[in-house]
Amino acid sequence: MAATPQNPAAAAPRRKVSRHRGEGQWAAGHFTPLNGNEQFKKDDDGLNVRTRIETIYSKRGFDSIDPNDLRGRMRWWGLYTQRKPGIDGGKTAVLAPEELDDSYFMLRVRIDGGALTTAQLRVIGEISQEFARGTADITDRQNIQYHWIRIEDVPTIWERLESVGLSTTEACGDTPRVILGSPVAGIAADEIIDGTPAVEEIHRRIIGNKDFSNLPRKFKSAVSGSPLLDVAHEINDIAFVGVQHPEHGPGFDLWVGGGLSTNPKLGVRLGAWVPLDEVPDVYEGVISIFRDYGYRRLRNRARLKFLVADWGAEKFRRVLEDEYLGGRKLIDGPAPEQPVQRWRDHVGVHRQRDGLFYVGFAPRVGRVDGATLTKIADLAEAHGSGRVRTTVEQKMIVLDVSEDQVDALVEGLEALDLTARPSSFRRGTMACTGIEYCKLAIVETKARGASLIDELERRIPEFDEPITINLNGCPNACARIQVADIGLKGQLVVDADGEQVEGYQVHLGGALGLEAGFGRKVRGLKVTSQELPDYIERVLKRFQDERADGERFAAWAARASEEALS
């Protein structure tokens with residue numbers, strides 16, 4: 001029988017025809033959930049789980065928690081189950097979630113812009129001591145993370161936090177996460193523009209708003225008017241970077257589509273200048289594009305960076321203007337200027353625009369504790385005005401210190417092992433949570449990073465060049481390994497005796513700033529945890545011997561031989 005328009009099947013064997021589902025983009029009409037995460041979000045908004053936590057789970061205990069709440073919706077309120085103690089890294093990818101889950105939680109307190117009062121910091125410290133076994137880590141996204149949290153205590157913790165204006169709302173989950181901001185917004189003498197009003201208005205409009213509580217995946221944001229480019233704008237989904245327009249004055253340069261993890265991409269400029277009062281509208285437009293056009297079929301392609309890579313900056317800007325800003329065209333604007341300083345963490349003593357001083361100091365790899373936080377609050381009140389900040393480099397800052405109080409504050413901090421005059425190693429070493437608590441981790445990071453600082457300070461005490469050493473417990477890059485001078489990705493490696501041990505794959509020469517890049521991996525270069533101090537000492541001494549005048553480590557690593565980097 002010949003094929004005809006009425007009988008196309010005669011031309012070939014019959015095949016099952018299925019409806020093309022695309023990437024699960026809502027704007028294309030694809031609303032049917034294509035994976036389990038999309039299904040549980042459709043079944044019930046993650047924000048709704050709070051009522052169940054308060055009325056059911058906190059009263060009936062851990063075993064009463066529905067699995068889709070436990071490993072899904074509870075993240076909308078900053079809660080992740082932590083890793084069960086004693087499970088080695090070789091089992092991370094082997095065990096089922098319920099085998100990795102402990103009956104305790106990590107709880108993340110969101111601190112938009114890194115801005116805290118001493119009253120808030122004191123409450124954070126008190127909660128740590130009362131409910132979290134003293135734990136309180138400063139993250140590289142300006143938050144504070146607790147561990148050992150019992151579900152029974154969560155309502156009380158929320159009540160305490162909210163009594164001083166803090167929350168855990170959308171600190172995790174497929175949501176608009178914390179809005180990074182310059183920790184010296186409104187006070188730095190060299191600031192281009194203060195982004196604080198925009199951060200506050202974005203928070204008011206977006207956070208806890210169910211129009212934006214079901215995104216394809218997490219959405220990371222940053223707003224800073226500092227010329228130091230101090231919020232890692234290149235690796236956020238959206239970033240507003242302070243610039244001076246030659247005609248319109250101070251405003252923000254708009255970046256979209258940055259992110260790291262296993263498929264890192266640097267953000268791209270849209271070439272648009274945004275005045276301060278329009279930042280919340282543009283933010284809402286960009287997050288709406290992500291919600292509507294973002295890829296929801298595969299979790300590993302569900303970040304905004306993949307959509308931006310496919311569309312390009314020109315199409316993204318056109319869709320933003322035409323579909324989400326009512327046809328209003330954005331003003332073309334300049335790119336940020338290259339920072340004049342290599343460090344962007346605000347550590348040290350610096351004069352404010354009002355003549356007072358701010359003092360930035362360095363904990364070890366962001367690890368502090370509740371008792372220390374309350375003592376920092378006491379010091380800040382005694383020597384400052386009651387304002388403190390967290391930074392995106394796991395550091396802290398005390399604001400508003402008069403000149404005659406600076407030395408006393410610095411001495412008080414030193415007594416807590418919190419130095420405002422850190423070595424390059426203490427200042428530049430960062431570590432994620434690691435295997436101690438994280439279910440994704442393969443190796444230890446926090447203790448390893450702290451001991452590495454001590455070893456390098458002992459071995460190379462004269463080294464004073466800016467250097468970043470970032471340790472990550474798995475490939476997901478929470479500690480930004482691809483953009484560090486020395487990035488260490490945790491994995492199991494084979495030692496000289498043929499035994500499988502904790503170790504790291506090495507990334508070299510990454511950087512942020514206007515010379516941002518992901519550096520290089522030397523073929524086969526992996527080091528065990530025990531070999532790490534020897535390896536870094538060796539590489540840094542070669543850098544000292546071979547560098548040109550003023551040459552940064554990243555530039556040297558880009559041109560150095562593999563032998564020199566091994």
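Student: Leaving aside residues up to four places away in sequence, which residues does I149 touch?

Tutor: This is a predicted model, so what follows describes computed coordinates. I149 is among the residues with the most contacts inside the largest nonpolar core, which has 53 residues. With residues up to four places away in sequence not counted, the residues that I149 touches are Y104, F105, L107, F131, A132, V154 and I157.

Student: How many residues does the second, separate core have?

Tutor: In soluble globular proteins, nonpolar side chains tend to be buried together. Here the second core is separate and includes I179, V286, L304 and W311. Its number of residues is 38.

Student: Are α5 and α6 roughly parallel or roughly antiparallel to each other?

Tutor: Helix α5, residues 118-131, packs with helix α6, residues 154-162, at an angle of about 165°, their axes lying 10 Å apart. Angles over 145 degrees count as roughly antiparallel. The two helices, α5 and α6, are therefore roughly antiparallel.

Student: How many charged residues are there in the contact of α14 with α15?

Tutor: Helix α14 (residues 446-459) and helix α15 (residues 532-546) pack at about 45°, which makes α14 oblique to α15. In the contact, R448, L452, E455, L456 and R459 of α14 meet L532, P533, D534, I536 and E537 of α15. By class, these comprise 5 nonpolar residues, no polar ones, and a number of charged residues that is also 5.

Note on methods:
Residues are numbered from 1 along each chain as its sequence is written. This is a predicted model: local features need pLDDT of at least 70, side-chain atom pairs count only at pLDDT 80 or more; totals for chains, interfaces and linings use all residues. Side-chain values use heavy atoms; hydrogens and water are left out. A nonpolar core is a set of buried Ala, Val, Leu, Ile, Met, Phe, Trp, Tyr and Cys residues joined through side-chain atoms within 4.5 Å. Buried means under 20% relative accessible area, exposed over 50%, partly exposed in between (1.4 Å probe, protein chains only). Contact means heavy atoms within 4.5 Å. Axes are lines fitted to C-alpha atoms, for helices over the stretch in contact, and angles run from 0 to 180 degrees between N-to-C directions. Helices (H or I, at least four residues) and strands (E, at least two) are DSSP runs, numbered from the N terminus. Angles under 35 degrees count as roughly parallel, over 145 as roughly antiparallel, 65 to 115 as roughly perpendicular and the rest as oblique. Ala, Val, Leu, Ile, Met, Phe, Trp, Tyr, Cys and Pro count as nonpolar, Asp, Glu, Lys and Arg as charged, and the others, Gly among them, as polar.
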